[in-house]
Amino acid sequence: PFSGVDHFDPNRRERFSGLEYEDLLKPIFRGGKRVHQSPSLHDIRSKAAGELRRLPPSMERFTNPQPYFSGLEEGLYQKKLELIAKMKRGYT
């Protein structure tokens, strides 16, 4: 299971399980050699359209749409808090 913390309201948390995911950060070069070929504009457009079709209709409506959850993974959120606390301690 995956637990996410809302960017704007840390008291709002969502739990997810059984989700598909794709790494968004992909290496382009390794050891000076190109390891990733960029997709064509047509392929990018097709992928974007396919991803949009996966959204539920409740998120597509113009009146009172269901918000799309966007947040940080629980461990990353905790690391963020640690870094903020460390930075504040350095300024006191």
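**Reading the contacts of a predicted model**

Colleague: What do the side chains of Glu-74 and Arg-13 meet in?

Modeller: A salt bridge is defined as a side-chain nitrogen of Lys or Arg within 4 Å of a carboxyl oxygen of Asp or Glu. In this structure the side chains of Glu-74 and Arg-13 form such a pair, at 2.6 Å from N to O.

Colleague: How should I treat the model and its numbering?

Modeller: This is a predicted model, in which local features need pLDDT of at least 70 and side-chain atom pairs count only at pLDDT 80 or more, while totals for chains, interfaces and linings use all residues. Residues are numbered from 1 along each chain as its sequence is written, and side-chain values use heavy atoms, with hydrogens and water left out.

Colleague: Which parts does the salt bridge (2.6 Å) between Glu-74 and Arg-13 bring together?

Modeller: Helices (H or I, at least four residues) and strands (E, at least two) are DSSP runs numbered from the N terminus. Glu-74 belongs to helix H3 (residues 74-90) and Arg-13 to strand E2, so their pairing ties together parts that are 61 residues apart in sequence.

Colleague: Are Glu-74 and Arg-13 buried, partly exposed or exposed?

Modeller: The classes rest on relative accessible area: under 20% is buried, over 50% is exposed, and partly exposed lies in between (1.4 Å probe, protein chains only). Glu-74 is partly exposed because its relative accessibility is 21%. Arg-13 is likewise partly exposed, with a relative accessible area of 39%.

Colleague: Which residues do salt bridges with shared partners join into one network?

Modeller: That network consists of Asp-6, Arg-12 and Glu-14. Asp-6 pairs with Arg-12, the closest N and O atoms being 2.7 Å apart. Arg-12 pairs in turn with Glu-14, and here the closest N and O atoms are 3.4 Å apart. As for accessibility, Asp-6 is buried at 10%, Arg-12 is partly exposed at 31%, and Glu-14 is partly exposed at 26%.

Colleague: How many salt bridges does the rule give?

Modeller: The count comes to four salt bridges.

Colleague: Let us turn to Glu-73. Where is Glu-73 found, and which residues does Glu-73 touch?

Modeller: Touching is judged by contact, with heavy atoms within 4.5 Å. Glu-73 lies in strand E5 (residues 71-73) and touches Phe-2, Ser-3 and Gly-4, residues up to four places away in sequence being left out. Glu-73 counts as partly exposed because its relative accessibility is 36%. Between Glu-73 and Ala-49 there are 26 Å in space, C-alpha to C-alpha, and the two are 24 residues apart in sequence.

Colleague: Which backbone nitrogen does the side chain of Glu-73 reach?

Modeller: A polar contact is a pair of N or O atoms within 3.5 Å; within protein, one must be able to donate a hydrogen and the other to accept it, and residues adjacent in sequence count only if both atoms are side-chain atoms. The side chain of Glu-73 reaches the backbone nitrogen of Leu-76, at 3.0 Å.

Colleague: With which side chain does the side chain of Ser-58 make a polar contact?

Modeller: The partner is the side chain of Gln-66, at 2.4 Å. Ser-58 sits in helix H2 (residues 57-60) and touches Pro-65 as well as Gln-66, again not counting residues up to four places away in sequence. Ser-58 is classed as buried because its relative accessibility is 19%.
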